[in-house]
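Please read the points below with the coordinates open. They cover the fold, the nonpolar cores, a surface patch and some backbone features.

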Amino acid sequence: MKNLPAEMYSTSLIYSSFLKRCKKSTPKRLPSIIKMETDSGYSSTAELQKQGKKLSHALRISAYVFSTGLLMFTALVNSASWFMQNITLGNFWQTTWLEFYDHMEGDEWTIFLIGAALVPALAFWGFNGILLVADITGKPTFITRYRIQLGKNDPVDTKKLWKAIYIVLGNQFFISFPMLVPMFYIMKWWDSTFSKELPTFQWFLVELSIFTVVEEILFYYSHRLVHHPVLYKHIHKKHHEWTAPIGVVSIYAHPIEHIISNTLPVMTGPMIMGSHIVSISAWFSIALVTTSISHCGYHLPLLPSPEFHDFHHLKFNQCYGVLGVLDFLHGTDKMFRQTKAFERHKILLGLTPLSESIPDPPKKDE
């Protein structure tokens, strides 16, 4: 080293000093850096794997539901088409429609009001009229024994009930009815809503499927929107005054909520499809009756299960949708899936109430 030139000797000393410092500092700092990177990578990787498994599970379920639904839909269409053609005397509905159209002298506005307003309203109040008898009197027992939230609304608070009925009637007359005016002109633009030829039964089933999907998407996200703390306090809280709902409160809501969550999701499908007034009338009636079932508080035999939405009224932050598909994808049904209510969430095919065959676990203080 001493025989080296001065410049090279100086450089050698600097390099040796640098190596000594690296040996001293690296063992202390490097493991911690490696550990931090490893931990960070592990966390993000685990999260990605978790999300991937969830997505894969959702896709498998969706594929199963879709394929099963497609087979059932095909069988239903073929069977129903045969039934409609052979059992109902072929052109019965077409003839009836033409007679009604001629009786109305082709007055499209009157026909639209009858189909889109009067018929669905009769379906809503006819179904809920039966339930209100059970809610108020506690009879007949063949209805009340199927109550979901035992001990609630038994009987219903009549003062609270009348308040709900006034709000519901107000929403129907002053919100739903005026909204039919722009819808009427949109449907006239399609030039098929008042056709003298009815759509085939197969096409009606296709439309019904599309209406249901559109409603699920619009209702889920608009419903979650009104659950935002700012909007909930001023808008959606009214609907949640009923933690144990009854059928008629399905459209007991603030006017803004009634527009964006109750009415638009149901109206949008027919406006997109340019549907016939008969299809619109049937869809509106089905939508009002099914939402009444979801709120009715009774898990009755052979009817769709109301457990899903009843649980939403009980817990507030679960089960926002109609079908439950988007709730599953967004994880807003996790708590529901861990309860007995989820086990009861099926069509009751027997006469024994599911609250008896699948009872809730006893409370801790009992």
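This is a predicted model: local features need pLDDT of at least 70, side-chain atom pairs count only at pLDDT 80 or more; totals for chains, interfaces and linings use all residues.

1. Leaving aside residues up to four places away in sequence, Met183 touches Phe112, Met267, Pro270, Met271, Ile280 and Phe284.

2. Met183 also belongs to the largest nonpolar core, a set of 26 residues. Together with Phe112, Ile277 and Phe284, Met183 touches the most other members of that core. Six helices, H2 (92–103), H3 (108–137), H5, H6 (201–226), H8 (255–273) and H9 (277–295), each supply at least two residues of this core. H5 provides the largest share, six residues. As general background, nonpolar side chains in soluble globular proteins tend to be buried together.

3. The protein chain has 366 residues, and 37% of them count as buried. Among contacts with a separation of 6 or more, 72% are between residues 24 or more positions apart. The accessible surface of the protein chain is about 22,000 Å², and carbon and sulfur atoms account for 67% of that area.

4. What makes up the nonpolar surface patch of about 380 Å²? Its members are Trp109, Phe177, Val181 and Tyr185. Helix H5 (residues 158–190) gives the most to this patch, with three residues. Val181 is one of the patch residues and lies in H5. Val181 counts as partly exposed because its relative accessibility is 33%, which falls between the 20% limit for buried and the 50% limit for exposed.

5. With 12 residues at 1.5 Å a residue, H2 should span 16 Å, and its end C-alpha atoms are 16 Å apart, so the two values agree. Just after H2, Glu105 takes a positive phi of about 55°.

6. Two cis peptide bonds deserve a look. One runs from Lys139 to Pro140, with omega near 0°; Pro140 lies in the loop between H3 and helix H4 (141–144). The other joins Asp154 and Pro155, with omega about 0°; Pro155 is in the loop between H4 and H5.

7. The loop between helix H10 (307–315) and helix H11 (325–330) contains Phe316, and Cys319 is found in the loop between H10 and H11 as well. Phe316 is not a glycine, yet its phi is positive, at about 75°. Cys319, also a residue other than glycine, has a positive phi near 60°.

8. Cys319 is buried, because its relative accessible area is 0% and the limit for buried is under 20%.

Note on methods. Residues are numbered from 1 along each chain as its sequence is written. Side-chain values use heavy atoms; hydrogens and water are left out. Patches are made of residues with over 30% relative accessible area and no salt bridge: like charges are joined within 9 Å, nonpolar side chains (Val, Leu, Ile, Met, Phe, Trp, Tyr) within 5 Å. Accessible areas come from the Shrake-Rupley method with a 1.4 Å probe; for residues, only the protein chains shown count as cover. A salt bridge is a side-chain nitrogen of Lys or Arg within 4 Å of a carboxyl oxygen of Asp or Glu. Helices (H or I, at least four residues) and strands (E, at least two) are DSSP runs, numbered from the N terminus. Buried means under 20% relative accessible area, exposed over 50%, partly exposed in between (1.4 Å probe, protein chains only). Contact means heavy atoms within 4.5 Å. A nonpolar core is a set of buried Ala, Val, Leu, Ile, Met, Phe, Trp, Tyr and Cys residues joined through side-chain atoms within 4.5 Å. The expected span of a helix is 1.5 Å times one less than its number of residues.
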